[in-house]
Amino acid sequence: MSLKIIAELCTGCSACEPECPNEAISELKNYFIIDPDKCTECEGDYDTPQCLAVCPVDECILPLVTA
Amino acid sequence: MQAAASYINIADLKSSGNALAAPADLPATGGGCGTHGGEGKASCGSSGGPDDMPQEIWDKVKNHPCYSEEAHHHYARMHVAVAPACNIQCNYCNRKYDCSNESRPGVVSQKLTPEQAVKKVLAVASEIPQMTVLGIAGPGDSLASPKKTFETFRMLQEQAPDIKLCLSTNGLALPDLVDEICKYNIDHVTITINMVDPEIGAKIYPWIFWDHKRVTGVEAARILHEQQMKGLEMLTARGVLTKINSVLIPGVNDEHMIEVNKAVKARGAFLHNIMPLISEPEHGTYFGLNGQRGPSAQELKAVQDACMGGANLMRHCRQCRADAVGLLGEDRSEEFTLDKIEEMEVVYDLDRRRSYQDKVETERQAQHAAKVEALASQGELEVDDSIKVLVAVATKGGGRVNEHFGHVTEFQVFEVSAAEALFVGHRRVDQYCQGGFGEDEQLPSVVRAINDCHAVLVAKIGACPRDELKGAGIEPVDAYVDEFIEKAALSWFADYRKRIASGEIEHQARGDASIRQGAYTAAA
C-alpha cells in the first residue's frame, strides 16, 4: 500500500515532506514524489495519512494502484 | 513637535469604545507608526523624530518601510520566498500560484533555498543600499517551514548584520516559535488576523492542519484564533513589535473588523493593516470562484475610519508579492532572478551601505523640515464648516506634487478639511500615457479609481484627460507644481471653499471608487 502524488497538480509547496513519518517524500524538480517502498499510508503512526491531510490541492494525493 | 500640533487628531474627536478585555499583565507597547496617531499621539508617519513614542521603539521603526509611512518613501524592503508550505487553507488563497494577496495570478515566484535566499539578499543589499528590511512572508506560512525560515535568518544575521529581519505568519504555529523568533532578534512580526469570532472564521478558513489532523469548521477557526491571540500576547510581552494584517471581506468580516481592531490593540499590537480582499474568478480562489467580491475604495475607507482611535492603522500597504524587492509600490524582483544574481559581482560593503543610508536620512530630514516650514507658513484658515473631501495626488516622491497625470501608476489620496490634509491611502492605476501618447482606453479606469475624489493635483495634464476628468466631476489642478502635497491640498481646498462661498460652484458629494484588482508590478 502506498499513496502517490499527481505531478501535474502538485504545487511544489513542500508541506507534505516534513510530515511523512517514513521519510518517503522527496523533491523532484518542481514537484514532490512518494517512494512506494517506504510509504505505509501512515498506518501505525497516525489516524490519517499526513501528506493527504496537509496538502492544499484537492485530489493531488491518491492511492497508488498497481497492476 | 510643532508640526503635530498644527493637526487636529481625528482620534481625539471620536470615541474609541471599550477594548476587549486583555490580560492584565501585558505591557503596553508604544503607539503605532501608521498614518494617523491614535490616542492623541502624532503619527510617526508625519513626525520627524521619536516625539510620540519611546526612543527604542522609534529606533526600530524609523527606517522600516512597512511600519513607518514616512520611511516607506525612502527605505526599501525585500521578501525571499523560502517558505512555500502552509498549515492552513484560506478561502482567498489559491496555492496553485502564489498566495493571492501577494501576487498576480499565474506569476509564480522562484522558490529559493535558504542559501539562494542569502545570496539574493546580499546582491540586493549591494545594489540597493537603502534596502534595510528583509522579510519572509511565504508564499506559504513562514512558521510552517520553521527550519527554512530560521536557517535563512541565522545566515543573514552573520553575513548582513545591519539588515532588519521580519516575518509574516497566520499565527497557528506562533506560540511554539516565539523563543526562536527572539533568538534571531526578529523585532517585527506580522500576523494575519481576519476574525476574533470562530463562527466568522469558519467562513474564511475551511481547514487547518493541527496536531497531525485536518481540522475543519468552527473548531478549526477556534484553534487558530486561540493560537493567534496567544502568540500576539507572547510577542507583546517580549517587546516584539507586531503588525496585524486583516483582509476585509465584505459581508463576512467587515462589520466585525472593529472587534478585531479592539482585540489586537488590547493585546499590544503596534499597527493594524486592513487590506481589501483581492478576488477575481481567474485567481481561482474559493472566494473568487464563488462570487465573493472585494470592497470598494469607500467601503475600505469606512471600515478603516471606524477603527481609528483603536490600534493604529497602516494605510500605505501595497499588498506586495512574497518575493518583492524595492520601495513599496515598486517591484524590482525581475532584476534579481537567480540567473541574474549568478552574474552579479556581489560586494557586501557595510560602510558603503551606512554612508548611503546617512545620505538618505539627511535627505529625509531636509524634506521633513521643509514640509514643516511650508505648512507653518500656510496660515490659519477659518474653520466654519465641516466639509471634507478627497484629493488624488500625482507624485513621484519627495512629498511633492511633481508627476504628470499620464505617468502615474499610483495616486496618493489625501482627505482634506479646512484644518488638515491627511494621507488616507493610494490607488493603483494603469498608466494613461504610454510611449508619449495618451491611451484613451485607460482613462475610464483611471477615473473609476479616483472617482471619489473632488480634485486631482498634478504637475501637468493633457487637454484630453483634462476634459474627461472635468466631465466626470473631478477637478484637474496644475497650479501647485512642486509644492509639498499637504500644503498644495490645503491651498486648493481654501480656494475651493472660496468658490463655494462666492456661489461660483456648488459643493457636491462624490461617488465611490473601485480598487484595482491584482498586485502592482512596475511598468516596463
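## Briefing

Within chain A, A:E27 has A:F32 of β3(A) as its bridge partner. That pair belongs to a predicted model, which scores ipTM 0.96 and pTM 0.85.

**The hairpin of chain A**

- Strand β2 (residues 25-28) of chain A pairs with β3(A) through four bridges, in the antiparallel sense.
- Strands of a sheet are held in such pairs by backbone hydrogen bonds, whether parallel or antiparallel.
- Two residues lie between the strands of the hairpin formed by β2(A) and β3(A), and A:K29 there takes a positive phi near 55°.
- Most residues other than glycine have a negative phi. A:K29, a residue other than glycine, has a positive value.
- A:K29 is located in the loop between β2 and β3 of chain A. With 8 other C-beta atoms within 10 Å, A:K29 is exposed.
- In a regular strand, side chains alternate between the two faces of the sheet.

**Chain A as a whole**

- Chain A contains one helix and four strands, and its elements follow the order β-β-β-α-β from the N terminus.
- The radius of gyration of chain A is 11 Å, close to the 11 Å given by the globule rule for 67 residues, so chain A is as compact as a globular protein of that length.
- The C-alpha trace of chain A spans about 30 × 30 × 20 Å along its principal axes.
- Buried residues account for 39% of the 67 residues of chain A.
- Of the contacts in chain A between residues at least 6 apart in sequence, 62% join residues at least 24 apart.

**Contact between the chains**

- The contact involves 13 residues of chain A and 14 residues of chain B.
- On the side of chain A that touches chain B, seven residues are nonpolar, five are polar and one is charged.

**Helices of chain B**

- Helix α11 (residues 297-306) of chain B has B:A297, B:L300, B:K301, B:V303 and B:Q304 buried.
- Viewed down the axis of α11(B), these buried residues fall within an arc of 165°, so they line one face of the helix.
- An α-helix has 3.6 residues a turn, so residues three or four places apart point the same way.
- The cover over the buried residues of α11(B) includes β8 (241-248), α9 (257-266), β9 (271-276) and β13 (421-428) of chain B.
- B:M234 is found in helix α8 (residues 217-237) of chain B. B:M234 is buried, because 20 other C-beta atoms lie within 10 Å and 20 or more count as burial.
- Leaving aside neighbours within four places in sequence, B:M234 is in contact with B:P175 and B:V178.
- B:M234 and B:L174 are 60 residues apart in sequence, yet their C-alpha atoms are 9.1 Å apart in space.

**A sheet and a loop of chain B**

- An open sheet of three strands in chain B has the order β2-β6-β7, with antiparallel pairing.
- At its edges stand β2 (88-89) and β7 (213-216) of chain B, each with a single partner strand, so one side of each has no neighbour in the sheet.
- Strand β6 (residues 207-210) of chain B is joined to β7(B) by four bridges, and the two run antiparallel. B:W210 has B:K213 as its bridge partner in β7(B).
- B:N185 lies in the loop between α6 (174-183) and β5 (188-192) of chain B. Phi of B:N185 is near 55°, a positive value in a residue other than glycine.
- B:N185 counts as exposed, with 12 C-beta neighbours inside 10 Å.

**Confidence in chain B**

- The average pLDDT of chain B is 83, and 83% of the residues score at least 70.
- Residues 1-49 of chain B have a pLDDT below 50, and this stretch has 122 contacts in the model beyond near neighbours in sequence.
- Over residues 99-108 of chain B the pLDDT likewise stays under 50, and the model has 39 contacts for them beyond four places in sequence.
- Where pLDDT is low, the predicted coordinates should not be read in detail.

Key. Residues numbered from 1 in each chain as written. Chains lettered and ligands numbered in written order. Predicted model: local features only at pLDDT ≥ 70, side-chain atom pairs only at ≥ 80, totals over all residues. Arc of directions from axis to C-beta. Contact = placed C-beta atoms within 7 Å. Pairing = 2+ DSSP bridges. pLDDT = per-residue confidence, 0-100. Nonpolar A, V, L, I, M, F, W, Y, C, P; charged D, E, K, R; others polar. Rg over C-alpha atoms; globule rule 2.2 N^0.38 Å.
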